[in-house]
Structures are given as structure tokens and as C-alpha cells.
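Hello,

Here is the structure I promised to pass on. Please have a look, then read my notes below.

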Amino acid sequence: MLDSTLYALSDATRRSILGRLAQKEHSVNEIAEPYDMSLAAVSKHLKVLEKADLIIKRKEGRSYKCRMNYAPLKEVEELIVEYKQFWEARFDELEDFLSKNKPKT
């Protein structure tokens with residue numbers, strides 16, 4: 001699931017769509033409106049987001065409404081925190097090493 005989430009987030013258009021859906025629910029046509037691409041192209045982006053479980057689509061009458069699903073982002077957050085802790089520990093070790101091995105002037 002993490003791979004599909006990161007893949008979905010790797011595209012600027014999909015991140016933009018998610019940003020808009022984080023504000024409120026939109027129909028597919030409303031989502032497509034500001035983009036200079038076909039409705040079919042926007043639908044492909046939505047399929048990627050849906051496959052990654054980042055959006056939830058529901059049928060309302062003859063159209064579909066989409067809203068953001070934040071749950072997959074928790075796994076991404078955990079990965080980022082893990083890497084952050086790893087690198088902070090390495091930088092602390094480097095800082096200790098450099099302070100103990102300062103050249104004498």
C-alpha cells in the first residue's frame with residue numbers, strides 16, 4: 001500500500017487534486033475544471049488516487065463525488081518519522097566526532 005501511496009503522491013497534478021479535496025468534497029467535473037487537460041486525463045489521475053485509497057468516490061445521481069481519505073498518509077508519516085530519526089542520529093554522531101577531532105590551531 002505504501003508504494004501505491006507514494007506513487008500517487010509523486011505527481012504534481014495528483015497532489016494538487018488532493019489539496020483541493022482536503023478542503024471539501026468535489027464532483028469529478030469540479031475537480032477537472034481548473035486543469036488544462038481532458039476529463040479522461042483527470043479521470044486517470046483519480047483512478048491512481050483511488051487505487052492508492054487516497055480518495056473515496058461515491059455516486060450521487062448521475063455524477064461522482066470525491067473526498068479525501070487521510071488514512072494512507074499515516075503510513076507515509078511513519079516512514080518519514082523513521083527516516084528523520086535515523087538521519088538525526090547520524091548527524092548527532094557526526095557532530096560528536098567533529099567536536100572531538102577539531103584540528104588544533
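Which residues are exposed on the other side of H2? They are Ala-12 and Gln-23. Exposed means over 50% relative accessible area, buried under 20%, and partly exposed in between, using a 1.4 Å probe and protein chains only.

First, some ground rules. This is a predicted model, where local features need pLDDT of at least 70, side-chain atom pairs count only at pLDDT 80 or more, and totals for chains, interfaces and linings use all residues. Residues are numbered from 1 along each chain as its sequence is written, and side-chain values use heavy atoms, with hydrogens and water left out. Helices (H or I, at least four residues) and strands (E, at least two) are DSSP runs, numbered from the N terminus.

**Helix H2**

Thr-13, Arg-14, Ile-17, Leu-18 and Leu-21 are buried in H2. Seen down the axis of H2, its buried residues fall within an arc of 140°, so they line one face of the helix. That arc is taken from the directions from the helix axis to the C-beta atoms. In general, an α-helix has 3.6 residues a turn, so residues three or four places apart point the same way. The cover over the buried residues of H2 includes helix H1 (2–9), E1, H3, H4, E2 and E3. Contact means heavy atoms within 4.5 Å.

**The core**

A nonpolar core is a set of buried Ala, Val, Leu, Ile, Met, Phe, Trp, Tyr and Cys residues joined through side-chain atoms within 4.5 Å. The largest one has 16 residues. Ile-17, Leu-21, Ile-31, Leu-46, Leu-49, Ile-55 and Cys-66 touch the most other members. Helix H2 (12–23), helix H3 (28–32), helix H4 (39–51) and strand E3 (63–68) each supply at least two residues of this core. Not counting residues up to four places away in sequence, Leu-21 touches His-26, Ile-31, Ile-55, Cys-66 and Met-68.

**The sheet**

Three strands form an open sheet in the order E1-E3-E2, with antiparallel pairing. Strand E1 (26–27) and strand E2 (55–60) stand at the edges, each with a single partner strand, so one side of each is left without a neighbour in the sheet. Strands pair if DSSP finds at least two bridges between them. E1 and E3 are joined by two bridges. Ser-27 has Lys-65 in E3 as its bridge partner.

**His-26**

His-26 sits in strand E1. Is His-26 buried or exposed? His-26 is buried, with a relative accessible area of 9%.

Best wishes
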